[in-house]
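The entries below follow the order in which I looked things up.

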Amino acid sequence: MMKDNHIFPFLWMRGEDEEIIRTELAKIDEAGIKSVCLEARPHPEYAGDKWWHDVDIVIDEAKKRDMTIWILDDAHFPTGMANDGMKNQPEKCRRYLFTQFVDVVGPLPQGQVDVELLTTRQFTWQDFGKQFSEPIYDETKLLSVTAYKVYKDDELTGEYIDLTDKVKDGYLTADFPAGVWRVFVTFSTTKMGPKLEYINYIEDGSVQVLIDEVYEKHYARYKDLFGTVIAGFFSDEPGFYNSEGYGSMKIGDKATLPWGKELEEQLTKALGKDAYLKLPLLFAEDSEDECRELRMTYMDLVSKLYSKNFSCKLGEWCRAHNVMYIGHIVEDYNNHMRLGAGPGHYFRAMAGQDMAGIDNIGYQLMPGNDVATRHTGFSDIIPDFYHYQVGKLGSSAAAIDPAKKGRLMCETFGAYGWRLGVRDMKWIVDYQVAQGVNYFVPHAFSMAEYPDNDCPPHFYARGNNPQFEYFCHLMKYTDRLCKLFSGGKNVPQVAVLYEAESDWAGNTMYGYEVARDLLNHQIDFEFIPADVFENADYYGCRVEDGNLIVNDRTMKALIIPECQYLSKVAAKFILDNPDLQVYYVNEKPHGIAENDDSDLFTGILRREKMDGVAFDLIGYRLMNEGIRDDLYLSKYNEHLRQYHYRKDGKDIYFLINASVSETIEGDIVLPKADGYAVYDAMHDISVRLIPNEGKMHLCLKPYESIIVYTNPEECQEPTAAINFDKAVSLDTFDVQLNQIACDTPRYEKAFKLQPISNVYRDFSGEIVYTTEFEVESIPNKATFFAEQVFECMTVEVNGKEAGKKITPPYEVDVTDTLTVGTNILKVRVATTALRDANTKPGIFGKERTIIEPTGMFGEVQVRFYK
């Protein structure tokens with residue numbers, strides 16, 4: 001049976017020498033990481049001779065170290081170029097639907113339109129200097145020519161004339177009646193739109209090219225290792241990509257749309273004989289609101305076909321070959337429920353995968369900052385989505401889909417830059433685990449020469465990352481958390497309706513607006529797509545005693561984010577289950593999304609146990625009505641994040657401080673249980689908790705987290721209370737500075753503590769502080785404390801390591817290292833590589849970011865307790 005490794009970082013393959021590859025694998029193993037994911041993007045010969053040569057080396061080293069490997073399933077992200085294999089079967093390429101138009105003022109007899117011209121791409125002054133990829137297949141199919149009467153601006157009246165049969169030799173000749181008419185030429189094409197050389201995700205035969213060019217070729221060479229050394233394949237950011245870039249593309253925007261034979265058959269069947277004539281309403285608005293039903297039908301079909309013919313097809317292939325299929329899409333900018341770089345519907349996109357998957361790169365999650373928009377130069381990043389929705393989308397898919405078995409993978413740390421150090425990585429890990437992540441793909445181990453400017457940080461950096469030792473420490477901590485929060489189930493309190501269908505039909509409140517208030521009140525939840533109600537048997541969905549149960553998760557209410565339109569499936573489920581408490585945010589929906597059932601909407605308007613709540617009072621309202629977890633902070637604090645997990649007869653509560661500036665302090669009300677313990681995952685120690693009248697006092701400083709669990713078995717007994725006695729302040733040290741990639745240290749004698757960066761601005765590396773202090777007698781407890789450390793430290797006393805700290809508070813127990821008399825103190829502080837890397841800028845230039853100080857300063861003490 002294949003080992004279940006919870007951490008498998010990207011290993012960037014560039015065609016390096018064998019010794020470099022083997023060394024990097026050894027360093028990954030040193031970090032306690034027993035699996036890697038081979039990133040193909042920089043490699044010059046994916047699925048070619050050099051690729052096989054390099055993968056052979058990785059596999060040989062992995063076998064020696066009892067490691068497993070995952071394989072990126074294409075030569076470049078996003079998955080879908082099929083290793084340039086589409087050129088061998090160009091007839092299977094992607095097809096797009098588009099419409100172009102001319103306006104006519106009637107009456108006009110025998111007016112003509114160059115229909116063939118309107119099936120070609122228009123060149124404008126904005127296109128000067130741009131390069132466009134040549135299509136690999138030449139096919140244009142006219143679907144309809146329709147004249148729609150214009151009401152005002154770009155809105156149509158709904159009145160139309162079918163002119164398709166009046167097209168001869170590429171020209172339309174027709175009499176136009178009085179009024180303003182827009183003549184739409186609607187067609188499918190292989191010659192217009194982005195990524196024409198990519199597979200068509202909604203066509204079975206097209207996706208097969210990816211399987212043939214990547215999956216089958218790896219299987220042919222390594223089939224005996226599938227399910228043992230080779231764990232599976234990873235799809236990186238697949239999506240429709242029917243519009244340029246990563247910005248959100250909502251149905252109705254003016255862009256080419258995914259198209260294919262199966263979609264065309266299903267859409268025309270659903271819409272009837274006038275289907276082709278109505279296709280312009282996918283791009284234009286009409287006064288009769290027919291466009292809403294058409295767009296709902298289109299989005300429903302296209303997202304289901306993506307699921308069926310891409311995600312599920314790849315997943316089925318992998319499971320038939322004894323490996324797993326995982327990955328993530330582009331969730332950003334609401335792409336998770338839209339077209340463009342998205343797949344149309346997050347939960348459907350995940351359907352074929354063995355884990356749910358999400359992504360966190362480029363300061364999308366920023367410790368302590370969930371308020372400021374990130375202006376990156378590439379795009380503007382709204383923090384609310386990353387802090388409050390993307391993690392819960394992933395954990396919800398992991399929880400409610402039986403096939404996922406509670407597994408959520410997150411690619412993380414990538415493209416944050418060299419500024420990102422282990423301190424903030426620990427905050428990110430805690431934050432994501434508290435939202436349900438239990439598998440991590442750290443981004444990345446790069447074997448290129450330091451500094452590799454391609455999406456740093458790089459954790460080893462050919463021996464040049466000063467914090468690699470501490471990264472290893474963090475990974476072992478992360479692995480403990482992941483294993484602890486796997487194999488059981490989370491305990492949500494409420495359900496939030498996934499907003500995809502409402503977004504397709506009109507305007508909707510985004511899920512993160514509801515999620516923020518719930519998580520700030522420590523109320524966990526699941527995003528529930530309407531598909532759960534439609535496929536109740538698969539998801540184990542039912543209402544029982546007024547609770548919504550999905551895959552054995554019990555939720556006390558369903559929350560509907562404010563929206564114009566509610567999907568028919570969701571509305572019917574709500575009406576069929578009158579005992580379920582439903583809350584709508586701000587106001588009830590204005591109609592049914594599919595626009596075809598007035599009786600259903602009337603039922604929604606009249607339904608009892610359907611109450612309104614203001615969006616910023618959701619958590620407050622639920623808590624007042626007794627809907628909250630059974631462990632809770634007696635006083636509201638928006639910075640506390642809480643994750644409740646049930647496993648092996650124990651209730652496990654992960655509590656983290658999301659603030660990097662404020663301490664959370666107050667009494668925690670404990671659930672009824674036979675006993676309690678506190679688990680320190682950083683040091684792998686459990687200590688029995690003795691409650692005080694059913695409560696425990698909580699004090700979480702910035703960057704701190706704690707795990708409380710019930711019914712402990714073996715654990716340490718708490719130590720007796722101690723009292724502070726005195727402190728010895730230290731402000732002068734001998735300092736050794738070990739600069740990155742420099743063999744000759746720099747020394748400073750009798751250095752008065754201040755930021756090293758005040759003296760050596762560009763220094764990055766390790767700083768070794770040495771001094772002496774006296775001890776008259778061994779105390780009950782002694783600690784070393786430093787007010788400011790940037791950013792990881794190891795404390796040694798008398799040549800014996802006392803402990804490491806990778807986050808504040810920087811205080812280490814040194815009791816067992818002390819001797820009576822003179823004691824030699826050594827503090828090793830590791831910086832990030834930022835300052836040094838900024839002296840060696842690549843094509844992207846220096847990192848444009850706040851530059852934190854380096855070294856140890858502020859109040860520094862040895863503290864004694866009696």
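What percentage of the 866 residues in the protein is made up of buried residues? I looked this up before anything else, bearing in mind that the model is predicted, and found that buried residues account for 61% of the 866.

**Overall form.** I then turned to the fold as a whole and counted 19 helices and 47 strands in the protein. For 866 residues a compact globule would have a radius of gyration near 29 Å, and because the protein has 30 Å, I noted that the value agrees. Along the principal axes, the C-alpha atoms fill a box of roughly 110 × 65 × 50 Å. I also looked at contacts between residues at least 6 apart in sequence, and 79% of these join residues at least 24 apart.

**Surface and charge.** Counting charged side chains gave me 92 positive and 136 negative, with the centres of the two sets lying 2 Å apart.

**Aromatic pairs.** A search of the whole structure returned 44 aromatic pairs, and I followed up a few of them. When I checked their cover, both Tyr-201 and Phe-310 were buried.

I next examined Tyr-346 and Phe-347, which also form an edge-to-face pair, with 5.5 Å from centre to centre and 90° between the planes. Buried means under 20% relative accessible area, so Tyr-346, at 0%, is buried, and Phe-347, at 9%, is buried as well.

Which residues form one aromatic cluster with Trp-317? I found Tyr-215, Tyr-219, Phe-226 and Phe-233 listed with Trp-317 in that cluster.

**Helix α9.** My last entry concerns helix α9 (residues 390-400), where 11 of its 11 residues are buried. I wrote down several of the names, including Lys-392, Leu-393, Ser-395, Ser-396 and Ile-400, and I noted that Gly-391 and Gly-394 are among the buried residues of α9 too.

How values were computed: Residues are numbered from 1 along each chain as its sequence is written. This is a predicted model: local features need pLDDT of at least 70, side-chain atom pairs count only at pLDDT 80 or more; totals for chains, interfaces and linings use all residues. Side-chain values use heavy atoms; hydrogens and water are left out. Helices (H or I, at least four residues) and strands (E, at least two) are DSSP runs, numbered from the N terminus. The radius of gyration is taken over C-alpha atoms; the globule rule is 2.2 Å times the number of residues to the power 0.38. Buried means under 20% relative accessible area, exposed over 50%, partly exposed in between (1.4 Å probe, protein chains only). Contact means heavy atoms within 4.5 Å. Lys and Arg count as positive and Asp and Glu as negative; His and the chain ends are not counted. The place of a charge is taken as NZ of Lys, CZ of Arg, CG of Asp or CD of Glu. Rings of Phe, Tyr and Trp (its six-membered ring) pair if their centres lie within 6.5 Å; planes under 30 degrees apart count as stacked, over 60 as edge-to-face and the rest as tilted.
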